[in-house]
Amino acid sequence: MGVGVLNGGVLQRGHNGSLGEIGALPEIGWNAAPGHLVDDPDAESSEQAVAALIAAARSGDANAADRIRRFLGAITLGAATVALAFDPELVVVGGGFSRADDLVREPVQHALDTLCPMPPRVASSTLGEDAVALGAVRVALDHVEAQLA
């Protein structure tokens with residue numbers, strides 16, 4: 001898990017290219033957050049397991065809803081930390097979890113409203129699981145375009 005920071009439509013990378021790697025701080029809790037969703041986040045089937053968990057929560061499964069609440073509780077401290085550091089207009093939930101907008105956006109917005117004096121708006125990405133791959137392609141294209149200029 002990580003953060004991408006756009007300023008004026010330009011991806012910010014930081015001096016060493018590690019801007020947004022807030023999840024590296026164990027105190028933020030992002031390393032442990034996926035474990036709230038599935039027992040083995042590194043398993044090849046973890047994406048399917050998360051999709052099943054989302055479906056179960058939507059159908060009223062209290063255990064599934066509790067796992068998602070614990071996951072969101074683990075990620076919101078980091079999201080609030082980034083929001084306080086960068087004062088963004090918008091926080092976008094991306095990756096596979098963006099398909100659970102109905103379960104995610106409101107609790108994340110509530111947490112940011114509680115933790116941040118001037119909270120950003122929260123939305124879910126329309127790119128879903130393709131966001132990381134598309135972002136990598138964009139970075140590569142930016143590099144090629146800069147070399148050709």
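Colleague: What does L127 count as, at 42% relative accessibility?

Modeller: L127 counts as partly exposed. The cut-offs are under 20% relative accessible area for buried and over 50% for exposed, with partly exposed in between (1.4 Å probe, protein chains only).

Colleague: And what am I looking at, before we go on?

Modeller: This is a predicted model, in which local features need pLDDT of at least 70 and side-chain atom pairs count only at pLDDT 80 or more, while totals for chains, interfaces and linings use all residues. Residues are numbered from 1 along each chain as its sequence is written, and side-chain values use heavy atoms, with hydrogens and water left out.

Colleague: Where does L127 sit?

Modeller: L127 is in the loop between β4 (121-124) and α5 (131-148). Helices (H or I, at least four residues) and strands (E, at least two) are DSSP runs, numbered from the N terminus. From L127 to G35 there are 92 residues in sequence and 24 Å in space, C-alpha to C-alpha.

Colleague: Changing topic: at what angle do α2 and α3 pack?

Modeller: The angle between helix α2 (residues 46-58) and helix α3 (residues 62-86) is about 120°, and their axes are 7 Å apart. Axes are lines fitted to C-alpha atoms, for helices over the stretch in contact, and the angles run from 0 to 180 degrees between N-to-C directions.

Colleague: Left-handed or right-handed crossing?

Modeller: The crossing of α2 and α3 is left-handed. The term applies if the near helix is turned anticlockwise from the far one by less than a right angle; clockwise would be right-handed.

Colleague: Which residues meet there?

Modeller: From α2, L53, I54, A56 and A57 meet A64, A65, R67 and I68 of α3. Contact means heavy atoms within 4.5 Å.

Colleague: R67 is an arginine in that list. Buried or exposed?

Modeller: R67, in helix α3, is buried, with a relative accessible area of 16%. Leaving aside residues up to four places away in sequence, R67 touches G35, H36, L37, V38, D39 and L53.

Colleague: How many salt bridges does the structure hold?

Modeller: There are three salt bridges in the structure. A salt bridge is a side-chain nitrogen of Lys or Arg within 4 Å of a carboxyl oxygen of Asp or Glu.

Colleague: What does R58 pair with?

Modeller: R58 pairs with D102 at 2.6 Å, N to O. This pair links distant parts of the chain, with R58 in helix α2 and D102 in helix α4 (residues 101-115), 44 residues apart. R58 is partly exposed at 43% relative accessible area, and D102 is partly exposed at 49%.

Colleague: And which residue does R70 meet?

Modeller: R70 meets D66, 3.1 Å from N to O. Both lie in helix α3, four residues apart, about one turn of the helix. R70 is partly exposed at 38% relative accessible area, as is D66 at 30%.

Colleague: What about R105?

Modeller: R105 bridges to D101, with the closest N and O atoms 3.1 Å apart. They are four residues apart in helix α4, so about one helical turn separates them.

Colleague: Now the surface. Which residues form the nonpolar patch?

Modeller: L6, L11 and V139 form that patch, with about 240 Å² of accessible area together. Patches are made of residues with over 30% relative accessible area and no salt bridge; like charges are joined within 9 Å and nonpolar side chains (Val, Leu, Ile, Met, Phe, Trp, Tyr) within 5 Å. The areas come from the Shrake-Rupley method with a 1.4 Å probe, and for residues only the protein chains shown count as cover.

Colleague: Where is L11?

Modeller: L11 is in strand β2 (residues 10-12). L11 counts as partly exposed because its relative accessibility is 32%.

Colleague: Last topic, loops. What is the phi of D87?

Modeller: D87 has a positive phi of about 50°, although it is not a glycine. D87 lies in the loop between α3 and β3 (90-93) and counts as exposed at 54% relative accessibility.

Colleague: And where is E44 found?

Modeller: E44 is in the loop between α1 (34-37) and α2, and is exposed, with a relative accessible area of 80%. E44 and A85 are 41 residues apart in sequence and 34 Å apart in space, C-alpha to C-alpha.
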